[in-house]
Amino acid sequence: MRSPSDLLAHSAMFSPALQTSSGSGGKKKLIYDQDHRGPLSTDTVATLMLLQADNIDLLGICTVSCDMWAKQETAYALRLLEIMGRPEVPVFMGAQEPLLNTKAEAQMRYQMFGSRSLGNEGYLGCFAKDAAGRDEVTPLPPPYNRFAQIKAQPEPAADFIIRTIRANPNEVTMYCGGPMTNLALAVMLAPDIVPITKEVIFMGGGIHHSTSSVNVYFDAEAAKIGFRAAWPKFTLVTTDLAEEVHMQDDGKVDAIVDRAHAPIADLFREYEQKPQRANPQRRSFRMPDEMMAAHAIDPSIFTGYDEMHIDIVTHNDGHYGDTSFWDANWKDQGGELAGQNNPSIKAGRVQVLNGIDKKRFRELFTDLMTRPINRSK
Amino acid sequence: MSTTRREFLKTVGAAIATSQIPPQPAAMATLAAPTALAPQQPVARRKVIYDQDNSGPFGTDILGTLMMLQADNIDLLGITLVTGDAWMKQEMAFTLRLLEMMGRTEIPVYAGAEFPMLNTKDEWQLRQQLYGGHRLDPWMGAFNRTNGGPNEIKPLPPPYDRLANLKAQQEHAARFIIKTVRENPGQVTVYAGGPLTNLALAIALGPDIVPLVHELVIMGTGFHMFTNAFNIFFDPESARKVLRAGWQKCSIVTVDIAEEIHESDEIAPGRKMIEEIASRAESPISDLFRTHAVEPLRRNPNMHFFRMADEMIAAQVIDPSIFTKSEQMYVDICTTPGPRYGDSMFWPKNWQDDPDAGKHSLSAADRRVFVNPRQFYLGPPPSAGLVNVLQEIDHDRFKKLFVDLMTKPIRNGMTEHSA
């Protein structure tokens with residue numbers, strides 16, 4: 001299905017990453033924590049990327065309420081694993097509610113202070129006015145067709161995270177594609193996991209495009225805990241960077257529909273190509289979670305990062321969940337005024353990705369989507 | 001000292017099983033819940049999880065613990081610890097040794113949260129500088145200037161004397177709470193004497209336990225004395241989460257009611273009470289009172305003891321009829337990290353009722369504002385929790401319960417459990 005040039009280009013760019021990745025057999029041990037919105041979304045596409053990548057050892061999938069309620073997301077995640085032929089990957093349902101935020105308060109904040117998301121879309125995920133109830137699980141559309149036979153594990157996601165990181169010290173990468181509720185609970189229960197986690201990858205917040213995003217303002221308290229903990233490495237994809245690629249321009253949807261195998265081809269035909277053809281004005285979403293997955297699979301696609309400090313506003317007002325950034329070298333920067341622009345006293349330290357090789361990103365993405373389905377052996 | 005006590009126990013034999021709490025028939029029927037302790041039924045034991053910032057060597061935390069250990073109608077399923085008045089690990093050292101001294105090593109002890117959800121010592125100090133200190137006393141608990149770090153365990157003073165041989169359980173406090181409530185649906189009372197961090201974790205991980213808890217009794221919040229209390233503003237986010245959860249019954253000992261009774265105050269009976277306990281109690285309770293109450297009082301006759309806050313939670317768990325009045329109210333906690341961080345706010349359950357009716361008389365000026373509650377919203381915020389605020393306490397019966405529990409023979413847990 002792939003042209004020789006695709007293969008060549010791909011192997012050339014892939015090999016350094018494979019050599020640098022750690023863990024047994026060169027595979028990167030990854031806990032995938034996600035607000036897994038179905039049937040197809042930036043969340044689900046990132047899941048597909050990680051399932052398809054050869055160098056990722058997916059230790060488990062954790063769900064968390066945000067884009068959808070955790071129960072519905074768990075139903076999608078389980079069935080996706082079945083149709084992708086990967087039923088051995090364990091799924092753990094995580095926090096059904098944010099630590100403190102509630103739907104009623106989110107609605108009232110938006111009435112009082114106005115919406116703040118991109119283009120005033122006022123995105124609230126499962127806190128939207130007409131969203132389903134917390135325990136409602138609606139049937140899954142094609143190509144999911146039905147609920148999965150496999151079941152979620154009985155253990156809460158936070159417990160799984162603690163147990164797994166302790167069992168694999170300095171080897172586990174935490175991918176947090178939704179609010180950091182599960183991670184915050186894990187840190188509160190077991191602060192000892194922080195120094196032995198290899199890396200946390202998170203998407204949310206921003207400096208220029210918008211100073212917050214749903215993964216942060218859905219659970220600002222959890223974000224504050226997650227950002228402030230002293231991780232050895234915390235990699236952040238901001239909205240600024242995520243806005244650089246969009247599915248309709250960069251996702252090569254038609255190529256994927258033509259060349260991908262089932263069920264990936266079906267998912268893209270149904271939920272990207274058809275809506276696009278029905279409405280050519282449709283503006284597809286940016287690809288934030290795909291970027292996180294790309295960073296997990298091949299960090300060399302990103303051209304660099306800025307060391308920065310970050311903190312979160314938890315005031316219950318119009319700024320709930322805002323991010324604040326400071327340069328890590330604030331003490332030296334600014335000439336005569338150096339040292340004036342100090343971060344908040346407990347601010348966390350993050351590596352903010354500041355550039356992406358779009359061509360290589362598109363190549364990696366298309367390759368992962370169109371290669372034969374990576375079924376369990 | 002424990003040898004003395006054990007020898008004494010041998011001679012006392014079976015007599016220790018007898019309750020020293022005198023029956024108080026039907027005097028407080030107004031409050032009595034269906035499951036409230038009926039002193040006439042010796043078998044009706046209350047299953048209790050004891051969640052506490054058990055700061056030693058002596059004080060309201062330890063005395064609450066002693067009451068629960070001594071009460072015959074309490075089945076202590078486990079003790080869970082949380083950083084608050086002291087760091088959790090130091091509390092653990094005191095708790096394990098106290099259980100050894102009391103001969104109650106069968107009670108499992110669980111380590112809980114070492115840090116509040118978001119609050120930090122540095123930010124607390126900066127808030128005080130920025131907004132001013134806003135409490136009547138300078139208590140910062142584990143964050144006190146005089147305290148070391150979370151991992152520092154100072155040697156235990158007399159009568160503790162040394163660290164315990166007894167060890168804590170491996171399981172985290174929050175998981176123990178979840179497991180125990182699920183195994184005993186509708187039967188477990190949770191005594192929460194410290195910051196509510198462990199409970200917040202438990203309901204975040206296992207939200208299904210909320211309707212299964214028989215009663216939650218907490219200490220904190222207030223109306224008049226001050227609207228913030230240590231257990232709340234040490235971890236306001238956890239307090240908000242727990243108070244909002246929607247428990248079947250959540251009883252609150254506010255600072256206001258806790259301030260009503262002190263172990264020792266200018267009133268003579270308070271001092272007499274301490275002397276009486278020190279002279280009549282068995283070891284190690286007598287030793288604790290002698291070393292940490294009677295002797296300090298002799299050295300400093302003006303010494304003012306702390307209010308008996310946790311002892312009141314214990315009273316509500318052991319004999320709720322001691323509280324003569326309570327009111328259903330909505331409560332919520334301010335978590336905005338400003339001058340009011342950790343404040344409690346209350347609203348009457350029947351806030352829709354006309355404020356002009358009944359005992360609230362409004363001035364003409366007030367009437368212009370509070371015309372009609374349907375026109376001017378006076379109610380609670382959407383997620384505020386409905387709680388049972390304890391408002392009046394029978395001082396004499398409370399003191400009698402306390403003195404009786406302290407001076408009765410040391411309850412022997414081991415033989416009861418093997419029986």
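Analyst: A residue counts as buried when its relative accessible area is under 20%, as exposed when that area is over 50%, and as partly exposed in between, with a 1.4 Å probe and protein chains only. By that rule Asn168(A) is buried, because its relative accessibility is 16%. This is a predicted model, in which local features need pLDDT of at least 70 and side-chain atom pairs count only at pLDDT 80 or more, whereas totals for chains, interfaces and linings use all residues. Residues are numbered from 1 along each chain as its sequence is written, chains are lettered from A and ligands numbered from 1 in the order in which they are written, and side-chain values use heavy atoms, with hydrogens and water left out.

Asn168(A) sits in the loop between α5 and β4 (172-176) of chain A, where helices (H or I, at least four residues) and strands (E, at least two) are DSSP runs numbered from the N terminus. Leaving aside residues up to four places away in sequence, Asn168(A) touches Lys29(A) and Ile196(A), contact meaning heavy atoms within 4.5 Å. Asn170(A) also belongs to the loop between α5 and β4 of chain A; its phi is positive, about 65°, although it is not a glycine, and with a relative accessible area of 47% it is partly exposed.

Helix α5 of chain A itself contains Asp159(A), which counts as buried because its relative accessibility is 9%. With residues up to four places away in sequence not counted, the contacts of Asp159(A) are Leu189(A) in its own chain and Arg175(B) and Leu205(B) in chain B. The C-alpha atoms of Asp159(A) and Leu183(A) are separated by 9.8 Å, the two residues being 24 apart along the chain.

Aromatic rings come next: rings of Phe, Tyr and Trp (its six-membered ring) pair if their centres lie within 6.5 Å, with planes under 30 degrees apart called stacked, over 60 edge-to-face and the rest tilted. This rule gives 26 aromatic pairs over all chains. In one of them, Trp69(A) and Phe127(A), the ring centres are 5.9 Å apart and the planes stand at 65°, so the pair is edge-to-face. The two partners come from distant parts of the chain, 58 residues apart: Trp69(A) is in the loop between β2 (56-63) and α3 (70-83) of chain A, while Phe127(A) is in the loop between α4 (103-113) and α5 (157-167) of chain A. Trp69(A) is buried at a relative accessible area of 8%, and Phe127(A) is buried at 1%.

Tyr110(B) and Phe176(B) form a stacked pair, at 3.9 Å centre to centre and with 15° between the planes. This pair too links distant parts of the chain, 66 residues apart, since Tyr110(B) lies in strand β3 (residues 109-111) of chain B and Phe176(B) in helix α5 (residues 173-183) of chain B.

One joins Pro158(B) and Pro159(B), with omega about 0°, and Pro159(B) is in the loop between α4 (121-131) and α5 of chain B. Another joins Ser283(B) and Pro284(B), with omega about 10°, and Pro284(B) is in the loop between α10 (268-280) and α11 (285-299) of chain B.

Helix α8 (residues 236-244) of chain B is mostly covered, 9 of its 9 residues being buried; among them are the charged-side-chain residues Glu237(B), Arg240(B), Lys241(B) and Arg244(B). After α8(B) comes Gly246(B), whose phi is positive, near 90°.
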